[in-house]
Amino acid sequence: MNLGYAALMVRILAVVALTLLVIGNCGGQESSSRSSDEPSSELSGPSLALREALSAACSQSEREFTKFLTTRNAETFATLTPGARIALMKRLVLLDEPGKPSLVTGASGRPLVRCDTPGGAAEVQIGGPEITDNLAFLPVEIRDATDTVGANVMHVKMGLVRENSRWKLLSVGLVLLDLPSLAAEWDAAQMESTERAAIEAVKTIAEAIEVYRRTYTRLPDSLANLGPSKRGSASPEAAGLLSEELAAGAQSGYNFRYVIAGASTLGAPAKFALAATPQIYGRTGRRSFFRDVNGGLHGADRQGSVGSEVDPKVE
């Protein structure tokens, strides 16, 4: 990919993430297009597809959201990291947490998707579509649900394309939704986050192991012994010190391994080492991390293989 083009796409994507590319008046359509300015009591075509796509984005349902991606974009979406897939859906409703969508009719009679999350709610009102052959563009208004006077309404046009008789997402504002072209940039941005999360996870596991040692006077046999108990009270088999996901040895794009270094014949206590490796090298992370038996943390690009104590120290 041309580096200048990639840099431009990253800048455009950053604007989308913050403001969904607020735009004002949009140009007219060709004479062959038709516009629906009057509210309709029953949704169909691109209006219905967009409403369902926004509902899926609200609930962060990857399965439902994929139905409204073109074949090319759907194939790339499936290969994105979990964080990148969630990030894409979050951008459409400007909310960080998965929510519960409500499909109602706004005061103007237009279809409205309300997305309620524990941290807030947003309302997305869909305007009448402008359809030209297999393309449709719909004006969308996005606001915080508490903004009853429209003080901070964002306006954007969303494009859809008809593919195999079904309407699929095409663009958001001026940005073409071309996932294959954007996947590399998203992966690069996501890898920094997943690597930081992996470092924190190694520290969390190490702390949990030490708590286990102090509680049960020995090291756990495996990470599974640190997971939550299914019978209520903590025990040596399930001490309740880690989440179920982390106790299973995988979280946020990384796999985690735990090894016991046996006690010496002179009575020295047993020690342990931890390793974290990216689940998909180059996609979920580049660096492998290693906590040595003395507690030092190391990290290096090992092409996806396990790190060691000779790797550079990580602060």
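At what angle do helix α5 and α6 pack, and how far apart are their axes? The views below come from a predicted model, in which local features need pLDDT of at least 70, side-chain atom pairs count only at pLDDT 80 or more, and totals for chains, interfaces and linings use all residues. Residues are numbered from 1 along each chain as its sequence is written, and side-chain values use heavy atoms, leaving out hydrogens and water.

**View 1. Helix α5 packs with helix α6.** Helix α5 (residues 82-93) meets α6 at an angle of about 110°, with the axes 10 Å apart. Helices here are DSSP runs (H or I, at least four residues), as are strands (E, at least two), numbered from the N terminus. Axes are lines fitted to C-alpha atoms, for helices over the stretch in contact, with angles from 0 to 180 degrees between N-to-C directions. The two helices are therefore roughly perpendicular to each other (65 to 115 degrees).

**View 2. Residues of α5 meet residues of α6.** Look for Gly83, Ala84, Leu88 and Arg91 in α5, in contact with Leu179, Trp186 and Gln190 in α6 (heavy atoms within 4.5 Å).

**View 3. Five strands form an open sheet.** Follow the order β10-β11-β12-β13-β14, with antiparallel pairing (two strands pair if DSSP finds at least two bridges between them). At the edges, β10 (250-251) and β14 (297-301) each pair on one side only. Strand β13 (residues 287-291) joins β14 over 5 bridges, and Phe289 stands opposite Gly299 in β14.

**View 4. Helix α6 lies across the strands.** Here α6 (residues 179-216) runs at about 155° to β12 (271-278).

Terms used. Angles under 35 degrees count as roughly parallel, over 145 as roughly antiparallel, 65 to 115 as roughly perpendicular and the rest as oblique.
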